[in-house]
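Please read these notes with the model open beside you.

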Amino acid sequence: MPKVGERRPDLDRAGAERRDSTAMKDMLTEAARRLGVTGAQAAVIAGGELRVAATGTANAELGIPMDPRTLIQIGSTTKLHTAVLVMTLVDEGLVELDAPVRRYLPELRLADEEAARSVTPRHLLSMTSGIDNGRYDDDHDDPLGYLSTFADMDTLFAPGDGYSYSNASTVVSGALVARLTGLSWDEALRRRVFEPLGLRDCLTLWKELPYHRVAVGHAPDGSVVRPWALARGSGPAGSTLCSTAADLARFGELFLRDGGGVISPGACAAMQVPQVALPTRRFADEWCLGPYRRDFSGLEVLGHSGTNFGGSSTLLWAPSTGTVVAVVCNTPRAGYPLAAEVAAHVLGSAPADVEPVTRQTAAPGRYEGRYAACDLRYDVTSADGMLTVTLEEVATGRSSPPVALLPLDGDRFLPEVDLSGGRGWDLAFVVEDGRAVRLVSGAFAARRVG
């Protein structure tokens with residue numbers, strides 16, 4: 001028992017945690033103000049202790065302040081949750097990672113029949129399926145319904161022969177979960193992940209939203225964004241899941257706790273093994289079975305990030321330090337820069353990259369051409385040794401002005417004007433036999449068509 005006048009250790013710890021949380025909130029508030037973020041949360045788990053901070057406004061039209069339990073759309077970070085669900089099926093012997101997906105989903109159809117026959121769950125989780133990203137205007141209510149739109153979708157490469165981030169491939173994973181569990185993806189996620197981890201502030205069903213405090217998305221000028229979310233059919237890829245930074249961090253902690261009782265230690269370790277290197281570097285260095293892997297100047301960091309109409313999120317963990325960082329905000333365009341500042345502050349390091357030193361490109365002719373994905377077209381041209389790219393949105397027919405591509409290293413370039421919605425991503429070409437066959441803009445690939 002402490003002597004008279006002696007501070008109790010638990011009170012000392014509580015006081016230190018309050019000071020840490022105050023410092024984190026001050027840092028988050030300043031970064032959010034500078035980057036034009038309307039409302040944000042950050043959560044850090046270090047030494048087994050959770051610290052949380054919130055700042056700003058959840059809904060500018062209603063004047064609702066952000067607090068630590070306000071739900072925010074997390075977008076594509078949901079893909080990690082779907083990957084964990086698939087690995088629960090692997091643990092139970094219901095799925096083999098290297099078996100054809102058609103063993104479980106015989107209705108899977110793609111424009112390339114051979115690809116449809118050969119794609120595996122490993123391809124889906126590692127972003128090596130070759131399945132195009134998919135359209136954002138689908139209005140199906142469930143993943144199996146959305147799957148019916150894939151029959152005329154072109155593939156970007158043969159499964160396993162490259163990298164391309166794909167919402168559509170993750171929807172296939174979600175449909176796989178629904179088929180083999182006999183549950184909806186939403187219910188499987190609740191029973192298999194949320195409840196075992198005690199996550200009270202994670203939900204995917206919109207009918208549950210009235211029982212929670214919910215943020216809405218905001219544009220850089222602070223106005224509210226409508227609509228609030230994409231269609232439910234792409235839920236496994238990131239259209240519906242809402243969370244707090246605290247619950248996102250608790251979810252991420254399972255990767256540092258041998259699966260946290262949700263997946264086996266073996267499955268947890270397998271998920272964090274790199275499967276493919278990215279041609280680009282400013283999004284990630286390598287992709288694993290769900291997470292990406294990044295080099296933070298010598299510190300190995302894994303995680304995922306995402307953006308939706310209603311918000312943006314980043315979840316990171318550093319295995320060597322046992323640290324988890326989660327950042328969510330309701331100004332999607334500024335979400336990645338905000339998360340980068342918070343992560344650098346917490347982890348004490350950040351990814352490093354070369355910077356452009358010239359505008360001239362060696363052998364620009366090998367990159368020139370037209371590249372296509374299902375919703376985008378890229379026209380790459382050169383003049384006087386300088387490459388430019390014009391981006392066209394298929395749905396609207398709108399085209400960007402030509403943007404100069406500044407050489408980095410190898411076949412990587414930095415667009416002089418950001419093409420990635422505020423993410424600051426680079427662009428790279430995949431070259432075979434002296435000629436580019438694909439273009440990768442940050443995460444998303446497009447195949448040469450001309």
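1. The model discussed here is a predicted one. In it, the axes of H2 and H7 come within 10 Å and cross at roughly 75°. H2 and H7 are therefore roughly perpendicular to each other.

2. Which residues make the contact of H2 with H7? From H2 come Thr78, His81, Thr82, Val84, Leu85, Thr88 and Leu89, and from H7 come Trp185, Ala188, Leu189, Arg192, Val193 and Phe194. By class, this contact of H2 with H7 has eight nonpolar residues, four polar ones and one charged one.

3. H6 also packs against H7. The angle between H6 and H7 is about 75°, and their axes are 9 Å apart. H6 and H7 are therefore roughly perpendicular to each other. Gly174, Val177, Ala178 and Thr181 of H6 meet Trp185, Ala188 and Arg192 of H7. Four nonpolar, two polar and one charged residues make up this contact of H6 with H7. Trp185, Ala188 and Arg192 can be found in the contact of H7 with H2 as well.

4. The remaining pair is H2 and H6. Their axes come within 10 Å and cross at roughly 40°. H2 and H6 are therefore oblique to each other, because an angle that falls between 35 and 65 degrees is counted as oblique. The crossing of H2 past H6 is left-handed. On the H2 side the contact is made by Lys79, Thr82, Leu85, Val86 and Leu89. On the H6 side it is made by Asn167, Thr170, Ser173, Gly174, Leu176, Val177, Leu180 and Thr181. Sorted by class, the contact of H2 with H6 has six nonpolar, six polar and one charged residues.

5. Next come the empty spaces. Rolling a probe the size of a water molecule over the atoms shows where empty space is left. How many cavities of 30 Å³ or more does a search of the whole structure find? The search finds one, and the space in this largest cavity is about 60 Å³. Its lining consists of Lys79, Thr82, Ala83, Leu124, Leu125, Met127, Thr170, Ser173, Trp287 and Gly290.

6. Which elements give two or more residues to the lining of the largest cavity? They are helix H2 (78–91), helix H4 (121–125) and helix H6 (167–181). H2 has the largest share of that lining, with three residues. The lining of the largest cavity divides into five nonpolar, four polar and one charged residues. Lys79, Thr82, Thr170 and Ser173 belong to this lining, and these four residues also take part in the contact of H2 with H6.

7. The second largest pocket holds about 590 Å³ of space. It is lined by 27 residues, and those closest to its centre are Arg282, Phe283, Arg294, Ala340 and Pro351. Two or more lining residues come from each of E8, strand E10 (311–318) and helix H10 (335–347). H10 gives the most to the lining of this pocket, with six residues. By class, the lining of the second largest pocket has 14 nonpolar, five polar and eight charged residues.

8. Glu355 is found in the loop between H10 and strand E12 (369–372). Neighbours within four places in sequence aside, Glu355 is in contact with Arg282 and Leu408. Arg282 is also one of the residues closest to the centre of the second largest pocket. Glu355 and Leu406 are 51 residues apart along the chain, and their C-alpha atoms are separated by 9.0 Å.

9. Some backbone details deserve a check. Most residues other than glycine have a negative phi, and most peptide bonds are trans. Arg226 and Pro227, however, are joined by a cis peptide bond, with omega about 0°. Pro227 lies in the loop between helix H7 (185–197) and strand E5 (242–243).

10. Where is Ser297? It sits in the loop between strand E8 (292–296) and strand E9 (299–308). Ser297 is not a glycine, yet its phi is positive, at about 50°. Asp433, also not a glycine, has a positive phi of about 55°. The loop that holds Asp433 runs between strand E17 (427–432) and strand E18 (435–441).

Definitions and conventions:
Residues numbered from 1 in each chain as written. Predicted model: local features only at pLDDT ≥ 70, side-chain atom pairs only at ≥ 80, totals over all residues. Heavy atoms only, no water. 1 Å grid on protein atoms, 1.4 Å probe; cavity = no way out; pocket = protein on both sides within 12 Å on 5 of 7 lines; lining within 4 Å. Points joined across faces, edges and corners; volume = space filled by probe spheres on them. Nonpolar A, V, L, I, M, F, W, Y, C, P; charged D, E, K, R; others polar. Axes fitted to C-alpha atoms, helices over the stretch in contact; angles between N-to-C directions. Parallel < 35°, antiparallel > 145°, perpendicular 65-115°, else oblique. Left-handed = near helix turned anticlockwise from the far one by under 90°. Contact = heavy atoms within 4.5 Å.
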